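Below is a short report on one protein chain. Look over the sequence and the model before reading on.

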Amino acid sequence: RLFERRAVAVRGSFRIDDANAPVVAAICHRVDGLPLAIELAAAALHTLGLEEIVALRDVREAPVAQRGRAPRHRTMSAAIAWSWSLLAPAARVLLSRLAALPPGLTLDDLAAVAQLTAPPVDDLPPVLTGLVERSMVVARPTTDAGVRYDLLETIRTYALAHADAAD
């Protein structure tokens, strides 16, 4: 629905139908369902067709009309870079370490990882809470009343590309 609303703003006649629904779903899936990424992908309809958008190597970097958009909202990388720049050093370190690990880590796993390299992340609970509150880490409840932590692929890719050599 969000994709369609934004697409109509760019191409007034756009409608999701049986023929294009799988392509729109693929685009939304490739951008991790992130609202800003969906909006940016739909805005790319200004210059590209649906098939061209889904064929992009990185849908998150689809070209969009720049009018009226803050620079940090012109691409997903720009939005993530802006969020990254606001993080405290300990949060960047933890996010970089999470990006290099498989999904589904527990708090105990993260506590061990937080101490692995210099500098250690000593105040893990508030750092982790801050990352979850900023939607940079996803906390998934488990059936045993625990929580497992994951990164969206968009965040993982950015964090890996911007990790310090020490991480």
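## Basis of the model

This is a predicted model, in which local features need pLDDT of at least 70 and side-chain atom pairs count only at pLDDT 80 or more, while totals for chains, interfaces and linings use all residues. Residues are numbered from 1 along each chain as its sequence is written, and side-chain values use heavy atoms, with hydrogens and water left out.

## Make-up of the chain

The chain contains nine helices and two strands. Helices (H or I, at least four residues) and strands (E, at least two) are DSSP runs, numbered from the N terminus. Starting at the N terminus, the order is α-α-α-α-α-α-α-α-β-β-α.

## Burial and surface

Of the chain's 167 residues, 38% are buried, meaning under 20% relative accessible area with a 1.4 Å probe, protein chains only. The accessible surface is about 9200 Å² (Shrake-Rupley method, 1.4 Å probe). Carbon and sulfur atoms account for 57% of that surface.

## Helices α6 and α9

Helix α6 spans residues 89–99 and helix α9 residues 153–162; they pack at about 110°, with axes 8 Å apart. The axes are lines fitted to C-alpha atoms over the stretch in contact, and angles run from 0 to 180 degrees between N-to-C directions. The angle therefore makes α6 roughly perpendicular to α9, a term for 65 to 115 degrees.

On the α6 side, Leu95, Ser96, Leu98 and Ala99 meet Ile155, Arg156, Ala159 and Leu160 of α9, where contact means heavy atoms within 4.5 Å. The residues of this contact comprise six nonpolar, one polar and one charged.

Terms used
Buried means under 20% relative accessible area, exposed over 50%, partly exposed in between (1.4 Å probe, protein chains only). Angles under 35 degrees count as roughly parallel, over 145 as roughly antiparallel, 65 to 115 as roughly perpendicular and the rest as oblique. Ala, Val, Leu, Ile, Met, Phe, Trp, Tyr, Cys and Pro count as nonpolar, Asp, Glu, Lys and Arg as charged, and the others, Gly among them, as polar.
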